[in-house]
Amino acid sequence: MIKKTLITILVLFSIIACRENSSEIKLNETIENYPKNSKAIFKKTIHLPDFDSVFYFYDNGIIFKKGKQYKYNQEFGIWKLYDKNSHLREIREWFVIEGKSQINRVWFLNKKGDTVTWRKEDNIFAQKEFKNDTLDFRNTTYNTFDFITSDTIKNSEFYLAFANCGSPQLRDYNSKVKIVVDNTNSLKKDFSNSTRIKLDTFYYAKIDKTHKAKFPGYDLEKVVAFSGKFKKTGKKTIRGYLIEYTDQYPIENNKKAKAQVKTYFEKTIYVKDSME
């Protein structure tokens with residue numbers, strides 16, 4: 001009888017301990033409800049060690065948008081926006097540049113989930129709380145970064161990649177492109193030290209004497225190849241930006257000036273020992 005009692009006590013202690021442990025690892029959440037409907041969630045924030053995951057909801061309970069942010073409401077990475085019928089309608093890519101969040105690229109989608117070049121519809125987020133969360137442009141961004149080599153390379157190998165400015169904003173002013181990239185793994189995540197470290201620059205394919213790459217079907221002034229390698233092994237994050245530039249931008253009195261537009265990127269690869 002005593003043995004059975006001890007076993008029962010041990011089981012109870014185990015159950016209590018499990019409950020306490022599960023409550024300790026429960027994610028820290030903040031919930032904001034709609035003012036006129038205390039049961040309807042307007043915003044949910046899941047607080048994680050390095051960032052927050054944020055979710056906004058329509059008043060019918062359907063998710064409006066979700067993404068990640070650092071503290072002080074700094075959005076970063078991919079944010080997805082949905083209409084009131086749960087259709088994914090917009091994807092926004094955010095970068096934090098020198099402490100400030102900015103939209104880097106945008107993709108618009110129809111109700112079928114297909115990417116569209118131009119969004120024709122007005123106010124697809126049809127609720128007063130969200131109707132102003134609409135960008136002042138409607139064209140999908142087709143600036144792309146493609147890494148040809150594997151995500152794992154040897155420390156004796158070059159990675160190979162190319163960028164294409166498929167959505168040139170300065171096309172009317174004879175613009176061209178170049179890539180500025182950090183091949184030392186020294187560029188900070190918010191690019192704040194970009195003027196203090198060595199960065200490599202690669203120019204558009206038409207004049208590229210390094211790679212001599214051929215890009216049939218591409219505008220050779222809007223596509224650029226780039227590469228690099230690392231001496232040390234381990235995980236590396238390649239960061240840089242595509243620059244569309246011109247010296248033909250019109251200003252007052254028929255004068256022309258320099259202008260440029262940047263599109264940022266980052267890519268994580270793993271470098272292994274060449275002897276492996």
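Strands are DSSP runs of at least two residues in state E, numbered from the N terminus. In this predicted model, Ile251 lies in the loop between strands S15 and S16. These strands belong to an open sheet of five strands.

**The five-stranded sheet**

- The strand order of the open sheet is S10-S16-S15-S12-S13, and its pairing is mixed.
- The edge positions are held by strand S10 (152-154) and strand S13 (200-203); each has a single partner strand, so one side of each is left without a neighbour in the sheet.
- From one strand to the next, the twist averages 35°.
- In general, the strands of a sheet pair through backbone hydrogen bonds, in either a parallel or an antiparallel manner.

**Pairing of S12 with S15**

- Strand S12 (residues 176-182) and strand S15 (residues 234-250) run antiparallel and are joined by seven bridges.
- Within this pair, Val177 has Glu244 of S15 as its bridge partner.
- Asp182 stands opposite Arg239, which also belongs to S15.

- Tyr249 has Ala257 in S16 as its bridge partner.
- The two strands S15 and S16 form a hairpin with five residues between them.
- Asn253, in the turn of this hairpin, has a positive phi of about 60°.
- Ile251, in the loop between S15 and S16, has a relative accessibility of 38% and therefore counts as partly exposed, since that class lies between the limits of 20% and 50%.
- Leaving aside residues up to four places away in sequence, Ile251 touches Lys256 and Ala257; Ala257 is also the bridge partner of Tyr249.
- Val224 is 27 residues from Ile251 along the chain, and the C-alpha atoms of the two are separated by 28 Å.

**The largest pocket**

- The largest pocket holds about 440 Å³ of space.
- Its lining comprises 17 residues, and those closest to the centre are Gly77, Trp94, Phe95, Lys189 and Glu266.
- At least two lining residues of the largest pocket come from each of strand S4 (63-70), strand S5 (74-82), strand S6 (88-97), strand S9 (143-147) and S16.
- S6 gives the largest share of this lining, with four residues.
- By residue class, the lining of the largest pocket consists of nine nonpolar, one polar and seven charged residues.

**The second largest pocket**

- The volume of the second largest pocket is about 330 Å³.
- This pocket is lined by 16 residues, and Phe137, Asn139, Thr141, Ser167 and Gln169 lie nearest its centre.
- Strand S7 (100-109) and S16 each supply at least two residues of the lining of the second largest pocket.
- The largest share of that lining, five residues, is provided by S7.
- The lining of the second largest pocket divides into four nonpolar, nine polar and three charged residues.

Definitions and conventions
Residues numbered from 1 in each chain as written. Predicted model: local features only at pLDDT ≥ 70, side-chain atom pairs only at ≥ 80, totals over all residues. Heavy atoms only, no water. Pairing = 2+ DSSP bridges. Axes fitted to C-alpha atoms, helices over the stretch in contact; angles between N-to-C directions. 1 Å grid on protein atoms, 1.4 Å probe; cavity = no way out; pocket = protein on both sides within 12 Å on 5 of 7 lines; lining within 4 Å. Points joined across faces, edges and corners; volume = space filled by probe spheres on them. Nonpolar A, V, L, I, M, F, W, Y, C, P; charged D, E, K, R; others polar. Buried < 20%, exposed > 50% of the residue type's maximum accessible area, 1.4 Å probe, protein only. Contact = heavy atoms within 4.5 Å.
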